[in-house]
Every structure is written in structure tokens, then in C-alpha cells.
Amino acid sequence: EVTLTPAFHYDVEVHGYQLLFHMIVEDVNGENILHHELFSLRSRESDQEHVLSFTVPILEPLQPAYFIRVKSDRWLHSVSALPISFNTMILPAKFPPPTELLDLQPLLPQALGEPVLSRIFAFEEFNPIQTQTFHELFKTDRNSLVLAPAGSGKAICGVFAILRMLSTNPEGVCVYVAPNAEIADPAFDQFKKIFGSLLRAGAVGKLLGESPADLKLLQTARVAVATIEQWDMLSRRWRSRKAVQRVSLIIFDELHFLGGNMGPTMEVVISRTRFMSNEMKSDDPAAAPVRIIGLGSPIANARDVGEWMGVQAKSLFNFSPKARASPVEIYFQSFEQSNYAGRLLAMGKPVFNAVDRHLDGKSAIVFVPSRRQAQLTAIDLMTFHRNQNQTFLGVSAGAEKVEAMASHMREAALQQVVMGGIGFVHAGMVLSDWNNILRLYQDGVIRVLVCPADLCWKIQCVAHLVVVMGTESYDGRESRHVDYPISDMIRMTGRHTPGSTGKCVILCHSSKKNTLKKLLYDPLPVESHLDSYLHDPLNAEIVSKSITSMQDAIDYLTWTLLYRRLSKNPTYYGLRGTSSAHLSEHLSEMVETVVGDLEESKCCKINDEGDLAPLNLGMIASYYYVQYRTIELISSSITAKTKIRGVLEILSASWEFSSLPMRFGEEKALKQLLRTLPHQPPDGTSFDSNTKALILLQCHFGRKSISADLRVDQETALKDSVTLVQAIVDVVSSNGWLKPALAAMELSQMLVQGLWNKDHPLKQIPHFDDDIVRRCLEYKGEDTIESVFDILTIDDDVRNSLLQLPEEKMADVAVFCNNYPNIDVSYDIVDPEDVSSGDLVEVVVTLEREIDDDLSEEEVVDIGKVAAPLYPGEKKESWWIVIGDVSKNSLLALKRANLVRHSKVKLEFLAPEEPGDYNLSLFCMSDSYLGADQEYEVSLSVAAGSDSDSDEESED
């Protein structure tokens, strides 16, 4: 990664609007050019730093230095040189060879022994990789690692291990863990289909990320599917959760993600699993250890990964990337254009030529960098093919049928290209269009599908031909184009139809060609990044009491992949040697730095003896799965006078939103939206991901129309926001401030319903606009209409005349109104006559919901499910029960409760020090609905303490 800084005065009249520079990497003798690329400096960017990323080979024998030279294309003697010294570099040992794919007789499903087991497979025989791994996975209980190219049927290898557990352990529970929801959701559907005939209904479940519901699911399910973050959240407190301890098999899929963004979380979870298994074995020697199965693409240092996961040599299968079940021909085509937009433009006709040449009457998927490019490429393909008087429609596709389906699609461009046998998808697409396009493609009606590269894990389609149009995308956070993650490239190049020879065409910048070949043809080297993301995992272990001292923290690191790779590749991790002293010093320094940061942010405390103890902020961060930096930001920013606007600004500044993408040209659209919003960011604020989150949340409250890409980002922000608001409430309550806590609770309602707190509660009902709300408020009948309940009680004729909605929309109104919570709240002070100053006061609050007694079990389960058409995903309602003194802005007690029929909540707080009569307030605040909150006055008489000594003790 090279940073280029212009060190001259840029004058447009002298230099023009653009200057070209050659960046050349030479060997120590200046005889060989190891890398060359053109860099374009524009006049408007002449005062900025520019970052270039590239890869160069390490020559053998290792040279003492390389030289980077930057030369102007136009000006004489305009040369800068930078030597890169390798004197202190320690190269890792060569990687061991991959596992040989043996020429074995293919096994049949009957090898499972039981006819009921063999019938779950739809094919006649297992492929060579499944055959070679079958005995280890199905006949033994050892930890195993299966690394094979994409499309090798690794999912079936996981099924072997699950069948082993089901047939040998009647109480066993399997958890399948995937890096993200795009991988977990299809796996859940596949497992339901495979095990549906073997297991009872509900035995295959999917975690939701809500701890109470997930723990309940683990107690009843035999196979559970989770993302790595969901399982991390659930397994952090494994010592106190019997459901987690019951798990006997954990399958980690796509292990090559260890080198990507999700790598640190995956590493922490696998390390915790091994530590948990070891601890339970120590407590009960008769207990069987948790079996760990790893699946993924080939990894160069698989032996280190296997040792870290507790896999023996004979249970490790690391096949070559060339050992595919179905062969794939990969073609590279490179382009010299240094300008990104010009390079994409130059790729237009070659993409069509590749599709036209290699399609062979079958199907093709074209991966492009962005949503906009997907539409443009689809139109280009259609135009080029129509010039030849041809279309990409399937042979059996009827023109009238296709035209009828196209007419029902929302996007005009989609209607146009579908008629040419081409479809495109993007993340912001209407669900009906998405489903229709994928169905047309899978049925063979359209033969070409264009898809943005960031959706490569979401679409499950396969094709005879895969075309990758460019291998970079724009990252607005860094203001430059960055390479696709190699895990995405492996996924894209592996989307071929099983059982036949596939073809893949990769169009890329010429400077990237050799690197891509190396990464795709050879096993992937994986290194740990945990050292850069250690704060939150360490905080979680301190909170769970797994780490109670500095020595425990160092011992914790010995369970990680990081510990095993430190001595194998020391230069990568900043070590100057491989001795035990170097390693010990590095680990100690790392732990001291991390613990020091956590102590500074008030998440933990450390005493002189090196003992660690969690603090309130650390507990909140761990419980809500929030970054420690976010909790520190909340704690330092919130005050006793903070209102909803302040809470919203603090929420949008959270570190969780720093990963929101900033696309090319998006800043202009955001500035236009900002002009129409009530809350402007503070002066001098740059347009980064956090400012974008502030704008998108306000657009949600105002129900403003935004582009498809922004809508996707808005949904991402909303999912994170509700949890963050709950953390804000807890931080505020620990400070004892009432009004900021109530403001944060109102913000939670705004997030779920998509309204400002000043909007009328009727507006949260589906299809209710300003005109309908106005007619309802102006209604002069016997009973006025002021709340959601009033909509249910008025006569049908009056309701129809006021709402003026068709039947299908009236049905949505009915569903919302019936789901709207009707809660009776009562409270009782325990021994109210015996309350003295400084005593502990107990208040029991009873919540009751009116429910029909004839409801079925399924209907009872659905009680509490929030009706929120603008909120992405499902949500269960919950309630904050608060006791406070409004006049003093003091919050005395708070608890959050879930409610089905009946719930009792006990609140405790210390009586005021001064004797007298107090008028406190009891609030029952919904986290999901506007207008459902209730407030009651709580009268409390406090008598004087028995003597002055007790008063002094209570003051202390």
C-alpha cells in the first residue's frame, strides 16, 4: 500500500487538468520490473493524499530491497524513488502440499447403512471429494477440516457429520455457523429439505439474534443455523447457559473468511468453542467433547488452521483448487486503461463477445461492480445482440408469455431487457421483481443474468458461463477503488452448473492479472487479524469472568490462531524474532495496550496485582453486542439535558455505522436530501458514513422517497439502531437521568414505525396519510377518534367513509389495529407504611394483555409480533417499566419486560434521604408503538430514619 502526496504547486494553466505518472517497482539491481501501473492525478485532487494497493512477488533468493519509482509521463527529471528494505524480513516456511484426490470407487448413498438415511439424497452417488471424506465424517467423532474448491459439494460433507450425530447421540444438538445471513439462509432452507423427513417439525431452526428466543430454540431443535455474530452473542455467556453446553456438534462453513472482515469474529468463536469443550471435559471427564467440523475453500496454511481447531493430520483434507468435481476453464482478459470509468467502458463489447462466444445455448451470469452498472451492462448486451437480430431468450420461451411477465415488473429498464432474454438484479429491487427474474432465469426463459458483485452470496443461481466484469468497486470511505475480497472472487468463479464443464471469463486491470491468477489457482494463505480487533472479544471474556487477570488474558490468546501464526510469519505481525522471549513480550504488550484502552473507556478496571473486573459500560457493550468505542462515545456525549435530537446525533455517530458504504457520486444525493430534513449535522461535519446514517434515519422518520441503494443502507442502519438505542437507555439509566431515557425510548418507537415523535399516532397505521388522519380528527360523531383503538370501535359505515380504502388495504388496517397492544397496568408498593429514608423500596408492577381464550398455540406465539410495515425484518415488542421523579429529572428504577398474557415486574430503589411525601411517576413505555405509553402517579410517604447514625451510614 503506497501513499502518494503531490509535493508541488498544481497550476491548471501549466499542468492541464490531469497529469499521468508511471509507478514502477524494480528489483534491487534495477533489471526487472516487478509491477507497473499508471496513476492519474487530477487538478481537483492535487492537494490530497492518494493510496495505491498492489501485490509484488518475493523473489528467491530474498533480495535486500526493492525500489518504488514514480515518474512523470510529461516532465523531465520528475522522479521520486523509495527503497523498501527487506533486511529484517523473516519469511514463513513453505506451505505443505495439498491433499491428493484419490481415484476411489464412488460411494453410493446406501453406504450410510440405513435406508431412511440414504433416501434423503437425490443423487445416485457421491462425488470423489465426498467419497474420500465420508469415512472420517460419518464413521468417527473426530474434529475434521474439509477444504475444497467451490462447487465440490462441501455442504453434503457437513450433512455426513450431522447424520453421524443424529444416529449416535439421541440428545445431540448441531449448530451450523455461517459468516453472514446470505450464506446461512440458503443453508437453513437446504437443511429443512434434507432433514424434513427424518426429524419432527421445528427440529431444524434458525437463530434470530435475540437471546431469549434463541436459547428456547436451542432447547428444542436438533439442527440450528446461525450467523457467526449470532453465535458469538449467544456463546459469550456459555458458562451460565445450559442450552449452549448441550451442543455436541458445531459446523463452521466458509473458513477461508478467516482472512476477511468476519475473520476476527470467526477466530474468537472457534477459539471459545475449543476452550469451552476443554473446560467441560475438565469438569466432567465422562463428557464427550464438542465436535468441530470446518468447511471452506483450499487454504495454503491449512495445517496451522487444523492444529488450532484440534484436527488430527488424518482428519484434515485440503484439496488443490484444481481438484474440482466439475472442471472449469478460466480465461483472463486484461485492460490497460488507468481510468476506472474508461476501463469499464472498454469492457462493454468484450463482455458481449465473451457471452456470445461461450454461451453455447446455455446460461450465463455476469458480475458487475454496482447496481447502476448492472442496468447499463444489461442494456448493452441487449443492444449488441439485437444488432445481430437475435435475443437471449430460451428455446421454450414464448414471446407472449415473456411480454406478459415483463409488463408486471416495476422497473422500466427491466421490462425492456427481459424481452431480450436478459435480466438484472440489485439489492434495492422490489421483492416481486427479484423473485420473477430469478424464476425466469432458473426456468430457462432468460439465459443471461447480470448481478452486482456484492450480491454474489445472496443469489443461489448457477450457470454454464460466469463473466466477472472488473474486479474493483468504489469505496467512498477511502475515496478510491478497492479490489473485491478474494472470498467473493472465489464465490463468483465457482457458480457453475454441477456435472458439466464450466467456463469463466475475468476482465480486469492489467496490473491485477498476475495477482488474481496466483490467488485463484493456488490455495489461499490465511492470516489472523485478531490483533487489530481484540478489544471487544477481550471485554466480553472479562464480563463473563473467563478472564480475571492479565495472565488469563495472555492464556486466552494461546487458544487463538493468532498465537500459532505469530511464530510462523513474524514479519507480518511486527515481530522481530521467533524466540519465546520475543513472543512473550509481544503478547504482553498487546494485552497491556488493549486492557489500557478498555480501562480508559471505563469498560473494565485493573488493580495493582493485575486483576481485571468488568464495569457497567463493559457489561452493556457485551450484552448488546456493541463496540466498546460506541459505548464510550455514548457515555461521554449524553447529558442530563439531552433531548431526542441529541440522542439521534449520538446514535448516528456510533462506530457500527462506519461500515455503511459510500458509493461514487452519492454525496451529492445526500446533500440534496439534507436540505429537506429538520435536523442538520453539526457545522464542519464531513460527509462520511455516520453523517449518511443521520440522513437516512431522518428520511425514515419523514417517510421520504430515496434511491434503491440508499434504501438498502437505510434497512441496514435500522436493524442496528434498535439495539443501539437499548444500549443508550441502559447507559442513561446508570447515570440516573429520566428525561434522556424517555427520549431514547421515544426514538426507539420512531425507528420501528418510521415516524417523528410529533406525528399523530394514527399515522403509524398502514396506508394512513395526512388526509385520512385529518378526516379522523375532524370527525364529529358520538365518540371522537384520537387513538388506534377508536378505529376499531366506530361503526363500519363511518370507518369506510373516513378511510376510503379498498378491501385489501382495509385488511392491512385491521391486522395492525388488532396487533396494537391493549395493556392493563397496575402496581403495588410492598409495605408502603414502613418506608423510611434510605430504605429499599419494592414496587411490583403487573402487566396484563387482553387475549381471547380460544386462541390456538400458533396464534399465542404470534402475540407480541410488531406490526411495522416500514421496519425491515421481524420484531417482538417489549416494554420499559420506569419509576422516576419528573421534577428532579431522576430515574430511580428501570426494567425491560416481554409480555404475552401476564407479567409481573419487581422494581427496587432506595427511598429519598429526606423524609416527606413524594409524587413519583411510573412509566410503561413501548419500544415499538407510538401512543401506547402509559403514565401513573406513585405516591410515596417516607418516614425519618430510626436514628442519625443510620442516616450517616446511608449517606456514605
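## Salt bridge between Glu279 and Arg239

In this predicted model, Glu279 has a relative accessibility of 23% and so counts as partly exposed. Its side chain meets that of Arg239 in a salt bridge, with an N to O distance of 3.9 Å. Glu279 belongs to helix H9 (residues 263-283), while Arg239 sits in the loop between helix H7 (228-235) and helix H8 (242-245), so the pair ties together parts that are 40 residues apart in sequence. Arg239 is likewise partly exposed, because its relative accessibility is 38%, and the limits of that class are 20% and 50%.

## Salt bridge between Arg663 and Asp709

Side chains of opposite charge can pair when their charged atoms come close. Arg663 and Asp709 form a salt bridge of this kind, at 4.0 Å from N to O. The pair links distant parts of the chain, 46 residues apart: Arg663 is in the loop between helix H24 (644-652) and helix H25 (666-674), and Asp709 is in helix H27 (residues 708-735).

Lys865 is partly exposed because its relative accessible area is 27%. Glu874, at 60% relative accessibility, counts as exposed, since that class begins over 50%.

The structure as a whole holds 33 salt bridges.

## Helix H11: length and kink

Helix H11 covers residues 340-358. At 1.5 Å a residue, its 19 residues should span 27 Å, and the end C-alpha atoms are 26 Å apart, so the two values agree. The helix has a kink of about 35° at Gly348, shortly before the proline Pro350.

Just after the helix, Asp360 takes a positive phi of about 55°.

The buried residues of H11 include Tyr340, Arg343, Leu344, Met347, Val351, Phe352, Ala354, Val355 and His358. Gly348, the site of the kink, is buried as well, and so is Pro350. Gly342, also in H11, has a relative accessible area of 26% and is therefore partly exposed. Its C-alpha atom is separated by 65 Å from that of Asp885, a residue 543 positions away along the chain.

## Nonpolar surface patch

Ile58, Leu62 and Leu91 make a nonpolar surface patch of about 220 Å². Ile58 is found in the loop between strand E4 (50-52) and strand E5 (65-72). With a relative accessibility of 38%, Ile58 counts as partly exposed. That value also meets the requirement for patch residues, because these need over 30% relative accessible area.

Technical notes:
Residues are numbered from 1 along each chain as its sequence is written. This is a predicted model: local features need pLDDT of at least 70, side-chain atom pairs count only at pLDDT 80 or more; totals for chains, interfaces and linings use all residues. Side-chain values use heavy atoms; hydrogens and water are left out. Helices (H or I, at least four residues) and strands (E, at least two) are DSSP runs, numbered from the N terminus. The expected span of a helix is 1.5 Å times one less than its number of residues. The bend at a residue is the angle between axes fitted to the seven residues ending there and the seven starting there. Buried means under 20% relative accessible area, exposed over 50%, partly exposed in between (1.4 Å probe, protein chains only). Patches are made of residues with over 30% relative accessible area and no salt bridge: like charges are joined within 9 Å, nonpolar side chains (Val, Leu, Ile, Met, Phe, Trp, Tyr) within 5 Å. Accessible areas come from the Shrake-Rupley method with a 1.4 Å probe; for residues, only the protein chains shown count as cover.
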